[in-house]
Amino acid sequence: MTHRPLTFAALLLALVLAAAGCGGGREGAPARDGGAGEAPAGDASGEQLSGRIVADGSSTVGPFTTAAAEQFQRRHSGVQITVGVSGTGGGFSRFCRGETDLSNASRPIKDEETAECEENGVEYVELQIVNDGLSVVVNNENDWAQCLTTDELRRIWEPGSEIGNWSQVRDGFPDVPLVLAGPGTDSGTFDYFTEEIVGEGGASRSDFTASENDNVIVQAVSGNRGGLGYFGLSYLEENEGRLRGVAVDAGEGCVEPTSETVQDGSYTPLGRPLFVYAKKGAFERREVQEFIRTMIDDNETIARNALYVPLTDEQRTKAHDDLEAAIGEVGS
Amino acid sequence: MRATGRRWSEDVVKGVLALFALVSVATTVAIVVALLLPAVDFFSQVSLREFFTTTDWAPLFSPARFGVLPLVAGTLLITVVACLVAIPFGLGAAIYLSEYARPRTRRILKPALEVLAGIPTVVYGYFALTFVTPQLQALGVPVGIFNALAAALVMGIMIIPTIASLSEDAMTAVPQALRDGAYGLGSNKLQVSLRIVVPAAVSGIIASFVLGISRAVGETMIVLLAAGGMPNLTFNPLEQVQTMTAFIAAVGAGDAPHGTVAYNTIFAVGLTLFVMTFAMNLVSIRLVRKYREIYE
């Protein structure tokens, strides 16, 4: 009788532990395979892979890799794939120190980064994994900026720019304060945008909300009437309704940012390839090989689901060949 | 009968407890050293004058600028506004709880106040961003989505329990005899509260204020989420600002390569923050000692 509270506590603890043990289960275990039983499908050879893959880098490419991981884990649920979003530069830092297997990048690797990888003995293969358009976005209540020229964008974003109001951008624009947001300096998107629009990679005014977290940019632009920001097309499509994409005029007329215009090259200069850099040393693990193969072979499906622009057939073949060549070198 | 010699077990206990106390001192020293070394490296490349007197903070851009004043202004702005909220409400709540409230009311109200202290700061941050800011906008206040006002208001709310709790403890510790004496001389309750009890407890009250201010200065999550990420030298709470703590969190979470000047800004700003709160604590100790009343 005197042990009542103790017994109760013990029973409660047992219940909690049992619940924790029975719940959870495998992430990504498919509930949809029409009652085919518990065993996951495995790959073509029926083999169930396991292991751990670490990816980090661009926040623009991150969601694509994550979507690819989800796709891959339907067949190989024993493989843990973690995708970080430290920014393209940050991702390369880790990659060239050997900390990650894959580096997501929204721009090609720089010479300094290649040198660092060489120094640390990290050999890699560059793969163009998907396409993207860098979209310029404004607030929903912004009904005046339907199309901006690359020249106007340059004047807004160049270092030392004094433009603080939309009326200074073009005659006829209303008197609304300009509130800028964009990726931080570690971001490949930042490098790419400054390179294409301002003319020099890394050259940008500094008085804007800079964040590697694209959701902060979404918040900043959608929360301010005079908001203007830029990030990958996938974020625009994901946040349709919260903000609006602006057509860009590079001299040949206004072009809206869409999958089609990116693929056919008319959305210039902001259509761009996205990359995954894979450490050759990681190819010794079967799951890494298979994962990247999935990213390339199932490219269309993954890209459409994740709101990216798929590789063209040509690009896909090239990626496939580059990958197989690299794997061949390691000798799977 | 046992000989009453030296009980070594007592010495062991004393030693162990002293060790525990020393751990906190040692940690403080370790933190100072960990901050100092990279900060010294930083200041060998960036002059103290540039750091403390120029007004442009853009360490990650090129050309990099290292004027810390916008961050300091952001911290001070938010701290001041937060204290303008927390001190009146906190002190008022404390006076009510200590002097006016019936025991039953006190039993309910005091824990309720403690609940405010238990809310995670990240929840406060999102509360500021997703509730307070839209409400301010609905009231017609010209704020953007990131602004110092919402963050400071919410931070003030977060600090109220700290100030209320400590002030109330200080006031309850004032001997009843003082109050009775005042009543005997014909004072009403308000006069007793404000003219007798508060001055008698002022040492503890000041300590509570300083603790509240320290919390405001050092708070990171609320400002990171709601105040903005753009350094801005202003004292207008309607604008967005970046505080020292938010900057450290943002750069720390990003990936500036170790050992670079950009990375070492974390330590330089951290050291500045540490010195500020340390100085505040020293002032507080001085004030507390000066005004302390010892009864009996």
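The model is predicted: local features are described only at pLDDT of at least 70 and side-chain atom pairs only at pLDDT 80 or more, while totals for chains, interfaces and linings use all residues. Residues are numbered from 1 along each chain as its sequence is written, and chains are lettered from A and ligands numbered from 1 in the order in which they are written. For the complex, the predictor reports an ipTM of 0.75 and a pTM of 0.78.

**Chain A overall**

- Chain A contains 12 helices and 11 strands, where helices (H or I, at least four residues) and strands (E, at least two) are DSSP runs numbered from the N terminus.
- Of the 332 residues of chain A, 44% are buried, a residue being buried if 20 or more other C-beta atoms, placed from the backbone, lie within 10 Å of its own, exposed if 12 or fewer do, and partly exposed in between.
- Among the contacts in chain A with a separation of 6 or more, 75% join residues 24 or more positions apart; two residues are in contact if their C-beta atoms, placed from the backbone, lie within 7 Å.

**Domains and interfaces**

- Chain A is assigned domain 1 (50-131 + 273-330) and domain 2 (133-271), with bounds that come from an automatic or database domain assignment.
- The centres of domain 1 of chain A and domain 2 of chain A, taken over C-alpha atoms, are separated by 27 Å, and their contact takes 19 residues from domain 1 and 21 residues from domain 2.
- On the domain 1 side of that contact, helix α3 (residues 88-96) of chain A gives the most, with three residues.
- By class, this side of domain 1 of chain A has seven nonpolar, 11 polar and one charged residues, where Ala, Val, Leu, Ile, Met, Phe, Trp, Tyr, Cys and Pro count as nonpolar, Asp, Glu, Lys and Arg as charged, and the others, Gly among them, as polar.
- Between the chains, the contact takes 23 residues from chain A and 13 residues from chain B; the chain B side has seven nonpolar, five polar and one charged residues.

**Strand pairing in chain A**

- In strand β3 (residues 102-105) of chain A, A:Leu102 and A:Asn104 point one way and A:Ser103 and A:Ala105 the other way, and all are buried.
- Strand β1 (residues 50-57) of chain A runs parallel to β3(A) and is joined to it by three bridges, two strands being paired if DSSP finds at least two bridges between them; A:Asp56 stands opposite A:Ser103 in β3(A).
- β3(A) also pairs with strand β11 (residues 271-279) of chain A, in the antiparallel sense and over four bridges; in β11(A), A:Ala278 is the bridge partner of A:Leu102 and A:Val276 that of A:Asn104.
- Strand β4 (residues 124-139) of chain A pairs with β11(A) in the antiparallel sense over nine bridges, and A:Val130 stands opposite A:Leu274 in β11(A).
- β11(A) is largely enclosed by the rest of the structure, because eight of its nine residues are buried.

**The largest nonpolar core**

- A nonpolar core is a set of buried Ala, Val, Leu, Ile, Met, Phe, Trp, Tyr and Cys residues joined through C-beta atoms within 7 Å; the largest has 159 residues, and those touching the most other members include B:Ile78, B:Ala128 and B:Val154.
- Helix α6 (residues 148-172) of chain B provides the largest share of this core, 17 residues, and each of domain 1 and domain 2 of chain A supplies at least three residues.
- Leaving aside its neighbours within four places in sequence, B:Ala128 is in contact with residues including B:Thr133, B:Ala151, B:Ile222 and B:Ala226.

**Helix packing in chain B**

- B:Gly74 lies in helix α3 (residues 69-100) of chain B and is buried, with 31 other C-beta atoms within 10 Å.
- B:Gly74 and B:Leu233 are 159 residues apart in sequence but 7.0 Å apart in space, C-alpha to C-alpha.
- Not counting residues up to four places away in sequence, B:Gly74 touches B:Asn232, B:Val241, B:Gln242 and B:Thr243.
- In helix α11 (residues 244-253) of chain B, the buried residues include B:Met244, B:Phe247 and B:Ile248, and the buried residues of α11(B) pack against α3, α9 (202-218), α10 (221-226) and α12 (261-291) of chain B.
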